[in-house]
Amino acid sequence: MRETPEEQARTREQYEKILKTLQEGIVILDEDDRISYGNPAFAKMLEASSIDELMGRSFDEFIPEDNQAKVVDQTRLRTDGKTSIYEHEILTLNGNRKTVLALASPKEDSDGAYNGCIGAIIDITHKREAEEKSRHIARTLGAIRRVDQLITKTKNRRELIESICESIISTKGYGSAWIALCNEDLDYEEFASAGVPEGGFLALRRMLERGEYIACAAKAMSQDEVVHIYNPKTKCKGCPLLGKDLEHREFTTRLCFEGKTFGLISVGIPEELKDDPEELELFQEVAQDVAYALHNLEIEQERESNVNALKQTKLKLEETNQQLEKANDQLEEALRVARKSLEKAKEANMAKSEFLANMSHEIRTPLNGVIGMTGLLSNTDLDPEQQEYVETIRASAKALLGIINDILDFSKIEAGKLEIEEIPFDLRLTMEQMSDIHAFKAGQKNIEYVHFIAPDVPALLIGDPGRIRQVLSNLVGNAIKFTEEGEVGVSIRLEEEYEEAVVLRFSVIDTGVGIPEEKLKNMFDAFIQADASTTRRFGGTGLGLSISQKLVELMGGELHAHSEVGKGSEFYFTIPLHKQDLQVEMPKLESIEGVRILIVDDNETNRRFMSLLLEYWGCRFVTTSSGEEALQKLRQAKSEKDPFRIAVLDMQMPGMDGEELGNRIKNDPELKDTKLIMMSSIGNRGDARRLAEAGYSAYLTKPVKQSHLYDCLVQIHSLGQEEGEPTKAPRIVTKHSLEERRRRKRRILVAEDNPINQKVALRILEKLGYSADAVANGKEVIESLKKAPYDLVLMDCQMPEMDGFEATRRIRSADSEVMNRSVTIVAMTAAVMKGDREECIKAGMDDYIAKPVEPSTMEKVLDNWLSLTPPAYQSKPQPQKREKLQVLDMETLEETAKKNDVEVSEFASIFVDVALHAISDIEKMKKEEKAEALSRLAKNLSAKAAEMGAESFSEAGRRLQELASKGHLSNADTLITILKREYRRLVAELVDKDLR
C-alpha cells in the first residue's frame, strides 16, 4: 500500500528527528559530490555554525590535497554501486585537520543510475593520536627503562655513560651514540661511545682539543633544542665519528638537569627518520633521563661520601660522648657544690639584710639622741667656742645618719624590697619645704639657689613625694657641694599632660666644676665618684647617684646627666604622676592682671623664672640686669605716661646693688611712688627694719615661695590704688607677715568633746595665727558646716551622740546639706595602732594627727592643707565632672566571663597573661620604631581591657594607640610606662579580690 502525502511527511519528520540525535555525522551528496543534506553532528565536525553554512558546497573542498587520491578511489567504488569504508583526513572550516572513518553507500535514482551517496562519518582523530602516542611511549619507555636499570647497577661515571651508549643503539637501533661529559666552557672530562668507526672517537677528541668542530658543540651547549651537527646544506665535510656516510644524520643536545650542565649526547639517526618529530622528541627525553641518571649518580656518590663522613663523625661523637659523660659527672659535682654555696650565700644575704636593718636601728637610736640633745644644747647659753663644738657634733651626727640611710636604702633596692608609694601630695608644698633647707646651705657658700615650678604644672598629684624629695635632695646636695660660685637651680616643667596623669621633668642645674665625659658614664654605678680625691675632699659614700637612679626607675622614669668641665652640670629625670581626682576648692584670689612690674636681677635664671610667672599671672613686665639700666627704664616709662607700679630688686648685684638702686629711686621725685620689693639671698637681722624706714614695701628672702610672691604682689598692689590715696604701707611685707595674713583668712572648726583638749587645740591654733571655733560632737559639726564655709575641720574620732567617723560619712554623702562637702577633715585621735590611719581615710577623712597633739605637727599638717594657691597652681576649670575611671569594674568582668562561658578567675588569669605578652610586644615594636604595628597592638589591648572591665588600663592603651596612629613614637616611652603602671594596678586589684 502506498503512503499518503501526510504519512510520508510524518515519516520524514521522524527520520529527521532520529538523524538530529545521532552522534555520528550523516551527509548526503548529490551526483556532483555536493552536500545536499547534513545532520548537526556533521556540521559540528566541520566546525560550522549550522548545516546551512555547508549546503551546496563540494565535499572535495574539505579534503586535504594529500588525501584527494584516496577519496577519488573510494568515489570510483561508489559509482560502481559498492559501499566503501575507509579512513581519510578532512579540513574543517577553520583549517583544522581531523582523521575520520567514513562509510559511503551509493544512492540511485528511479532508473537505477548513480545519483550521489549517503555517508556516515566518525571523528577518530583522538583515537589515532592516542594510538601513536602509545607506540611512541612504548619505545621511549623501553629506552628509559634500560637507562634506569643502568643507574641502579652502575656507580662509576665512565662505566655509566658507556653502558648508556650501548643501550641506546641496541634499543633504538641507532647507527652510533656518544656522550662527552664537560662543563659549559667545553672543558671535557669523560668520553664514551658505541657504534663509532675505529679511530673516529680519537679523531673527535683531537678535533675538540684543536678547536675544530667546536662551533657545533657550543651551539648544542647553548640551547635546549636538538642541533643537526651534520647537514649537507652547511657543506660540512662529515662527522668524525660517522666519516662521510651520507646515509646518516647526527643529532646532538646538551645533558642538563635542574640547571646543571653535565655535557653533550649525540646519536646517528638513519635517513628515513631524519625529519620524524617523534624521533627528536624521543631523543630529547632520553637525553633528559641520562642527565637525571648523572644527577642521581652524583647524589649517590655524595651520599656515600656523607655516609663515610657520618661514620667517622659517629666514631668521634662516641669518643666525645665518653668525654662529655666524664665532664658531666664533674659538672654535677661542681653544681652540687655551687648549690650548696648558693644556699649559704642566700642565708648570708638574708643575715646581712637583717644585720643591716638591726644595725641601722641600733645606730639610729643613739644618733637621734645625739642630734636631739645637741639641738637642745645649742639653745642654751654657750660661749662661741662651745657653740662651734656643738654645731660640729650635730653636723657630724647628721652626716653619719645620712650615710646609714644610704646604705640601708641601697640594701633594700638590691634585695628588691624597696616599694614606691602612691599617695596624694602637693608638689608645690613639697618643693618649698625642701627648698628652705637647700637655700640655707647654698647661702652658706655664697651661691645663688633658685627653684621654679612652671605655671602649667598641676600641684595636686599622686605619687611618692618622699622618694621624689630624696632624689632631688641628693642631686641638689651634690650640686651645692661641687659648686664654688654661681648658682644651683631646680626646675619642674610639664613634659606631657593627659586627662588623668602628667609627665614631669625635674632638672637640677649648677655652675660647678663639671664632670669629664669619660667619667660621666660611670657616675650612676655604686661606690663610684668622679675621681679618687672626691671622697677625701667632699665626703660621701658614692651611693647617692646609684640610689637616685634606682628610685627614679622604680617610679617609672630614667635619670640622665650631661656636663661640661668648668661650666657645670645638669641632672634630670622624667616621671609619670597621676592627678588627684578631687581638686580642693581654693578661695578666690585677688587678681594682679595688667599690673606693670620691673624686675631687676643680675642672675639670668632668676629673671627667666620670674618672667614665666608674671606672664602666667597676666602682668605687664620688663626685666633688666643692672641698676643703671633699671633707672633708665623707670624714667622712660614715666615719660610715656605708663609708669611701673612695682619694682622687684635683687639685693646682691655687682656695681650698683639693690639697696643703692632703691635709695636712688626713692630720692627721685618722679620715681618715688614706685613700690619696691627687695629680694635677698642672704638675710641679715635688721634688714627688714632698715628697708622699711627707707620706704620699701616688701622684703623677701630667696628662694621666694611662689605663693608668697603672689600674695606680696596682691597686697602691695591693693595699697594706694585710688588716686590721692597715701602710698605708705603700715608696715613692710615679709614672708612672716604674709604667713600671718594668710592664716588669718582661714577658718578652722575644732570638734572635741573634752573641754581641756578643746582649750589646748584652740590655744595652739591661736599661737599659729589661725581663727578657730569649737564644738563638742559630730552633730554640732554638721550644723556648723551648714551655716559657715569652714576651710578645715579638726575631727576627734571618739565623741558622744555622733562620733567623728559617722560625722565625716554624713558630710561626704551626696545628700549632705553642708556648704562644702569637700571640706578638709583631719582626724585627731589617741588610737595609734596599725590600721587606724586607714580607717580614718576609709571614712572620708583627709589626714591624721595622733594625740597628744604637738604644735609643730599641727602646723605642718595645716600648712599642707591650707596653703593659698596662686593661679599658677589652680586646677584647670572642668566644665563637667567626669566619672573616675575604675581600675576594675567587676560587673563588666563578670558579664564578659559569663558570655564566654568561663569562670571569672580563669578569664581574669588569661587576660593578665595575654596583656603581659602584649606589653612585651609593644615595647619591642617601640624599639624597632614600627608605629603601625604598635598602634595595632595597643588598639587590640585596649579593646580587650575594656571587655575585661579594666577601665584605666584600657584608657592607657587607647592613648598609646592614638599617639602611634599618628606615625611618631617620640613620647611613646612615657605612655608605655603609664600602661605598665596601670597593668600593675590591675594585677594588684585582682589579687585583692582573689582572682589572680
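A contact, in these legends, means heavy atoms within 4.5 Å. Helices (H or I, at least four residues) and strands (E, at least two) are DSSP runs, numbered from the N terminus. The model is predicted, so local features need pLDDT of at least 70 and side-chain atom pairs count only at pLDDT 80 or more, while totals for chains, interfaces and linings use all residues. Residues are numbered from 1 along each chain as its sequence is written, and side-chain values use heavy atoms, with hydrogens and water left out.

**View 1. Helices α29 and α30 meet here.** From α29, Ser952, Phe953, Ala956, Gly957, Arg959, Leu960 and Leu963 make the contacts. Among their partners in α30 are Leu975, Ile976, Leu979, Tyr983 and Leu986.

**View 2. Here are the axes of α29 (residues 951-965) and α30 (residues 972-992).** They come within 9 Å and cross at roughly 165° (lines fitted to C-alpha atoms over the stretch in contact, with angles from 0 to 180 degrees between N-to-C directions). The two helices are therefore roughly antiparallel (over 145 degrees).

View 3. The pLDDT, the predictor's confidence in each residue from 0 to 100, averages 76 for the protein.

Note on methods:
Angles under 35 degrees count as roughly parallel, over 145 as roughly antiparallel, 65 to 115 as roughly perpendicular and the rest as oblique.
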